[in-house]
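Take a walk through the model shown here.

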Amino acid sequence: MKKKLLLLFVIAFLDVKAQLPPPPAPADQIEQSDHINLYDVKEIPEKIFSWNIKGLTINGKPDLREIPDKIGNLKALSGFALKDGSVTSLPEEFSTLQNLQHVSINSNEFVEIPKEIFKLKNLENLEFLSYKLDQFPNELGNLVNLKTLKLSKSLYWGGAITSEKQVFKDLILPSSIGKLKKLERLTLQSNNLKKLPSEIGNLENLKVLDMSYNSLEILPPTFSKLKKLESVEIRRNKLNVFPTILYELENLREINLNENNIVNIPSGIGKLKQLEYLSLSGNKLSTPSLLELYKLESLVTLDLNDNQLENLPAGIENLKKLELLSIAGNKISPENMKKLKQLLPKTLIVETKPAY
């Protein structure tokens, strides 16, 4: 039986392996193509700068220290990605690549966003991650055609944080962010942001906003102007109360406020008629604070893990569309759990955390 299982495992493994893409060719063997993927390189092969490339992805070794000036030859380039390596700046010629629409830089040696990027007038998607990043420059507002923007000091994922007692400089989002009228998705994870500029309310086309892993205590009043916002994530910040400013955003479908210090949900949340997903795991909610949640008539998923609940107050059966309720890590008795399952016979109730 064991041999048969082993044989089945080997066959399955070989089948998966057969479906994997082949590893990238060594840099000196790279062939001309629309998209060049340079993996684990020390330097950029000279020959690619004479090709008509539309996409260039560079995954560098620690001794990759510069992007050659000749990158300015790649006038057709529409996508550029740089990961790892020890590059700290971009050549001036990078700013001449006016067909660039997508730029992704994930390299922890950068202490600033290179000024050359802010001259790319047709840029639509920018991702810039570096835990050495020292500031967000005001020139950010020059990129008026951006649709997607991700800026992160990556304190939690770049290896920078090893202790909760470490202190990092607070980054400040410039007021020029308000000029990005076409922006639809904004990610500002892990920047130690303590406040947002009032101009964030000018992002009239914003649909998705992620501000997780910061130090926000409140949201500015202008936040109520983000009428097209559908998803907001403010996980692991310092909110003490559910932000009532969110009640003004009636197109919201998803809210994630996990790992804050929320003790109360003020009245009015029932205005969120479109809300389907609400996650409040890791807060300090008690049973009485949940009464307002029962007005969320479109709610499909509700995560209340790791709060201070001993029971769920009467009325939860009003959540007619609720498909998933997660309440692990609370103090709900077996008797109350049984009653809860009777009230929600069609809802999947998760009462224990998976073992890893």
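In which loop is serine 190 found? Serine 190 sits in the loop between strand S7 (185–187) and S8. Strands (E, at least two residues) are DSSP runs, numbered from the N terminus. This is a predicted model, in which local features need pLDDT of at least 70 and side-chain atom pairs count only at pLDDT 80 or more, while totals for chains, interfaces and linings use all residues. Residues are numbered from 1 along each chain as its sequence is written, and side-chain values use heavy atoms, with hydrogens and water left out.

Serine 190 has a phi near 60°, a positive value in a residue other than glycine. Its relative accessibility is 0%, so serine 190 counts as buried. Buried means under 20% relative accessible area, exposed over 50%, and partly exposed in between (1.4 Å probe, protein chains only).

Move on to serine 215. This residue lies in the loop between strand S8 (208–210) and strand S9 (231–233). Serine 215 is buried too, with a relative accessible area of 9%. What does it touch, leaving aside its neighbours within four places in sequence? Serine 215 is in contact (heavy atoms within 4.5 Å) with Asn192, Leu193, Lys194, Asn237 and Lys238.

Now look at the rings. The structure holds three aromatic pairs. Rings of Phe, Tyr and Trp (its six-membered ring) pair if their centres lie within 6.5 Å; planes under 30 degrees apart count as stacked, over 60 as edge-to-face and the rest as tilted. One of the pairs joins phenylalanine 80 and phenylalanine 94, edge-to-face, at 5.1 Å centre to centre with 70° between the planes. Phenylalanine 80 lies in strand S3 (residues 79–84) and phenylalanine 94 in the loop between S3 and strand S4 (102–106), so the pair ties together parts 14 residues apart in sequence. Both phenylalanine 80 and phenylalanine 94 are buried.

Charged side chains come next. The structure holds 11 salt bridges, each a side-chain nitrogen of Lys or Arg within 4 Å of a carboxyl oxygen of Asp or Glu. Among them is the bridge between aspartate 306 and lysine 353, with the closest N and O atoms 2.6 Å apart. Aspartate 306 lies in the loop between S12 and S13 and lysine 353 in the segment after strand S14 (348–350), so this pair ties together parts 47 residues apart in sequence. Aspartate 306 is partly exposed at 27%, and lysine 353 is partly exposed at 48%. Aspartate 306 also has a positive phi of about 55°, although it is not a glycine.

Conventions. Helix = DSSP H or I, 4+ residues; strand = E, 2+ residues; numbered from the N terminus.
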